[in-house]
Amino acid sequence: MEFKSLVDLITAIENHGFGIVLSAGLLSFLFYFGWRVLDVQVKKLEAKKLPAYNVRSHHIFVDLQRDLDYEVPRLALGTEGRTLLFKDMMDIKFRTFLDMIGPFIDQHKCEECKPECFYDKNLKFVTELVNAYEKKWRDIGIFEEAVNKFDEWHQPRVDMVVEGIRTIANNQIYQTREQKYVAILDLYYYAMRWALFDAELSLKALNGEITGKVYKGKAC
Ligand SMILES: [Zn+2]
């Protein structure tokens, strides 16, 4: 039922009765209104999609914060001294990573990021990150033996990230800077999760090397 003018409307009421015409009109209005609402909602969702594909919405930020808050404090390693040492090392490593990675990605804004630029910037970041947490470890008195042993066990994970950065920088599958960072953050996530095992393994492997030493007043 379509009404092009008031005459049509009156004719329709005469032919079909007021109730039916009113119902049809109401239905048309509801249909139109419903479609409008739906259209607006779809447009809103589409508008949201773009910022949602933001590197900062990667799961790593939430998951590593959860590990820092719940996994790291629960770690235990033999003596009280070793456990404290182990927790401090991981707490610092996780915090340093979370503090540095976001600002680093935000600051890397190239008009057109070439593979060399992407690789160089990320490789530099890995070096800065490792230097930053190791400096903090030494500053609070983590034993040199523990730093070196951890480095030894953790090196394969660092190599994996560096190799991954090289591949991702040059791979045509990842077209935008954001896509590349999403892939790299996946790698960092595994490397960080592995760090917990690496720390445990390295401190266990230290055996006699730190036995008898005192960390924060507790025997190792
Ligand atoms: Zn770049």
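Which pattern does the protein chain follow, read along the sequence?

## Overall layout

The pattern is α-α-α-α-α-α-α-β-β. This is a predicted model. The protein chain has seven helices and two strands.

Of its 220 residues, 20% count as buried. Take the contacts in the protein chain with a separation of 6 or more: residues 24 or more positions apart account for 75% of them.

## Packing of H3 and H7

Helix H3 covers residues 59-71, and helix H7 covers residues 177-206. Their axes lie 10 Å apart and meet at an angle of about 10°. Angles under 35 degrees count as roughly parallel, so H3 and H7 are roughly parallel to each other.

On the H3 side, the contact is made by Ile-60, Asp-63, Leu-64 and Glu-71. H7 contributes Leu-185, Tyr-188, Tyr-189, Met-192 and Leu-196. By class, this contact of H3 with H7 has seven nonpolar and two charged residues, with no polar ones.

## Val-147 in H6

Val-147 sits in helix H6, which spans residues 144-170. Is Val-147 buried or partly exposed? Val-147 is partly exposed, because 16 other C-beta atoms lie within 10 Å. A buried residue would need 20 or more.

Leaving aside residues up to four places away in sequence, Val-147 touches Glu-134, Trp-137, Arg-138 and Ile-142. Ala-199 is 52 residues from Val-147 along the chain, and the C-alpha atoms of the two are separated by 9.5 Å.

Definitions and conventions:
Residues numbered from 1 in each chain as written. Predicted model: local features only at pLDDT ≥ 70, side-chain atom pairs only at ≥ 80, totals over all residues. Helix = DSSP H or I, 4+ residues; strand = E, 2+ residues; numbered from the N terminus. Buried ≥ 20, exposed ≤ 12 C-beta atoms within 10 Å, placed from the backbone. Contact = placed C-beta atoms within 7 Å. Axes fitted to C-alpha atoms, helices over the stretch in contact; angles between N-to-C directions. Parallel < 35°, antiparallel > 145°, perpendicular 65-115°, else oblique. Nonpolar A, V, L, I, M, F, W, Y, C, P; charged D, E, K, R; others polar.
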